[in-house]
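Hello,

Here is the structure I promised to pass along. Have a look at it first, and then read on for what turned up.

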Amino acid sequence: MIEVETLPRHKVDLNLAKDQILFDYRIVQQSRQASLMGRKEVFMGKAKFGIFGDGKELAQVVMARYFKQGDWRSGYYRDQTFMLAIEELKLQEYFAQLYAHTDVTAEPASAGRLMNGHFATRSLNEDGTWKDIRKSKNSGGDISPTAGQIPKLIGLGYASKLFKENKELQKLSQFKGLGSEIAWGTIGNGSTAEGMFLEAINAAGVLQIPMILSVWDDEYGISVPNSFQTTKGSISEALAGFQREDDKDGVEIIVVRGWDYVGLHEAYRKAEALSREESVPSLVHVVEMTQPQGHSTSGSHERYKSKERLQWEADHDCVKIFRSYILENEIATEEEVLLIEEEALKFVREAKNNAWKAFSTSIKSELVEAVEILSKSAPLSKQSAALNLLAEELGKTLNPIRKDVISTVRKALFLMRYDEPGVREELKKWYEEQVEINHKRYNSHLYSESQDRHANVPVVPAEYADTTALVDGREVLQACFDQMLANDPRVFAFGEDVGKIGDVNQAFAGLQAKHGDLRVTDTGIREMTIIGQGVGAALRGLRPIAEIQYLDYIFYALMTLTDDLACLHYRTQGGQKAPLIVRTRGHRLEGVWHSGSPMSAILGSLRGMLLCVPRNMTQAAGMYNTLLKADEPAVMVECLNAYRQKEKMPLNIGEFTVPLGHPEVIREGTDITVVTYGAMCKICLDAAEELDQYGISLEVIDVQTLLPFDVSHKISESIAKTNRVIFADEDVPGGASAYMMQEVIENQKAYFSLDSQPVTIAAKAHRPAYSSDGDYFSKPSVDDVVEIAYRIMNEFDPRSYPLW
């Protein structure tokens, strides 16, 4: 570890050119003024909230010097100076995000969908195809949750390792020359107490990836000092055991002061060389930072910092000390420095004003249109006075937002409901056009809208020979994965026990030996960073399959899945994508653990991902083939009890596809439609056989995917025939069965076809008890389905179907 005391101050022997130093000072000044003005804009009511990077400027402008084309950042919402310094953020864009400007050309990081300080570069063209990200300086889409940016940092660095070591990837044009790129991460000192940070440090040390993780340490996490956050009050001291040694891999730990310009250069120069040339991960602990305006616009740091601490921060302000450094070393005169400061102030003010003008003009033009139409329509309406008042009040609104405009128009349309249609026609048409426009502004790109989305993947049926033998289901998957690995060098699979033994259910058996350990890889028990490893690699154009060994383990990684991966395409308004396939297994197995089907938890938290729930391994293989041809992230939940069930091996195992969002009728019937998925398909089919003897005909439908869900409305067509429906699954009551009911009864309007009350069959509210009896009394059984279906028919015709 390089200790802070050994790092020099005010030494000019690094061959730093005068123009470079003054450029850095100009950026530092611009960034500081942006923070100060941004806070005022919030207090003036022109922005909703502000969080700024003041106090962190110097370290960031130095770090930017060592950030090269092809590198990636996964950072912290105080990194504005860094983004300005690498010239991937313009000050007008910075303020556009503060105001939430929804024009992606004005605010390219998120098109106004994220609060200020959340940065992202656009990896995709407008049509969703990849740009050449080798030739750009890249930033992954930022998120707010503390330390949430760190898991994908592992994948961003791991991708470089794969590019460097997998020679097959170098044959692909989009990856030529890659392999030395560094993944740069940043985090606040308080967030280093999070498990995902500590898990990532361990993973980086094991993997030995080119990664540099900087900790901006201002000694507080909002109001909580380091003594309450971190062992020994110092993350670098706490992590000393990770320090690499001559004969042992690890992490290089460097400590440097945040106000020491020369020391920062030495620290980052060393870290860059280690990562870029030797693939050694580094932790740069930047201490003695300050936070001049406090945590955010939500409160004042004077409430929890002593006068002595506040004075220390004033004395150690990195901008102030950098200014002294320039003057003391005669890099510039007082007059030259003052000119830079004056120009920075003017430049930032102009950027702010231009951003506000562009933002407010776009809304005011809509306001003017609405007022004009209202004023024109009012004399013709029975509610003339009320409409004129609405128009007048809207026209006087100070700093209007779109809500003001649209809410007024909706109120007006209600007032005009008794008028002749022609009176409200123009306003109604304008409103409907705005609904569509605002959908694109605020609701688009939850899923891919490119030509590569799953809906455009051609359907290729599975083919079989007449003499096709039956094999274990896991062998179908094994053959599918073998083809994927052989046909596409971008594909690699990794997870706990995936490599040497071929996963706990043997679907990858022998594939590491065949394709190499870069393609089929074991990991430690670290679900959070397994997913992060996949997210980061997918952001760089690879096609990872990240395995979560059992479905209940997915909750270790749920934060990364929901806050980062699932919403990535949405929060960048189509600017980034990470088509990661998350493979796991669940459904029926005896016992509390590994036996749940918490689909409602996944449905509620992972919108933006596809959710595949195949009933057998042939269907799973077809879905994997579809996903690999598509560009959306997905979760695949395989059936735990289906790996050794017998299935036919398709002749076109690597080619056939299963369309997503299209249910399959797996048994035709006339009396009741049963909607289900996964392991419950067999339960329902067995129940249907038993019900035949009672004269009851079940139509069993396998939905196959829950996200998307029955896009062709095949289920409502079935209900139109049977007039009765059961929604069956193994989730808790009110879970996925209720989700399916809403989709069909409400969205597909199947209630028009019902002659009986729709019914759900679910597991009990608790985890399943152990043993076969525990399974029988905890989860839906064949007997449950038979009895419930019979009772539905008893209600319809009690004489023909008497109860016992």
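**The annotated domain and its helices**

UniProt, in an unreviewed entry, places the feature "domain: Transketolase-like pyrimidine-binding" at residues 471-645. Please keep in mind that this is a predicted model.

Which residues in α17 and α23 meet? From α17 come Gly 473, Arg 474, Val 476, Leu 477, Cys 480, Phe 481 and Met 484; from α23 come Met 617, Thr 618, Ala 620, Ala 621, Tyr 624, Asn 625 and Leu 628. By class, the residues of this contact between α17 and α23 are ten nonpolar, three polar and one charged.

**Aromatic pairs**

Searching the whole structure gives 25 aromatic pairs. One of them joins Tyr 220 and Tyr 304 in a tilted arrangement, with 5.8 Å centre to centre and 50° between the planes. Tyr 220 lies in strand β5 (residues 220-221), while Tyr 304 sits in the loop between β8 (282-287) and α11 (307-315), so the pair ties together parts that are 84 residues apart in sequence.

Note on methods. Residues are numbered from 1 along each chain as its sequence is written. This is a predicted model: local features need pLDDT of at least 70, side-chain atom pairs count only at pLDDT 80 or more; totals for chains, interfaces and linings use all residues. Side-chain values use heavy atoms; hydrogens and water are left out. UniProt positions are given in the numbering used here, feature names are shortened, and annotations may be inferred rather than shown by experiment. Contact means heavy atoms within 4.5 Å. Helices (H or I, at least four residues) and strands (E, at least two) are DSSP runs, numbered from the N terminus. Ala, Val, Leu, Ile, Met, Phe, Trp, Tyr, Cys and Pro count as nonpolar, Asp, Glu, Lys and Arg as charged, and the others, Gly among them, as polar. Rings of Phe, Tyr and Trp (its six-membered ring) pair if their centres lie within 6.5 Å; planes under 30 degrees apart count as stacked, over 60 as edge-to-face and the rest as tilted.
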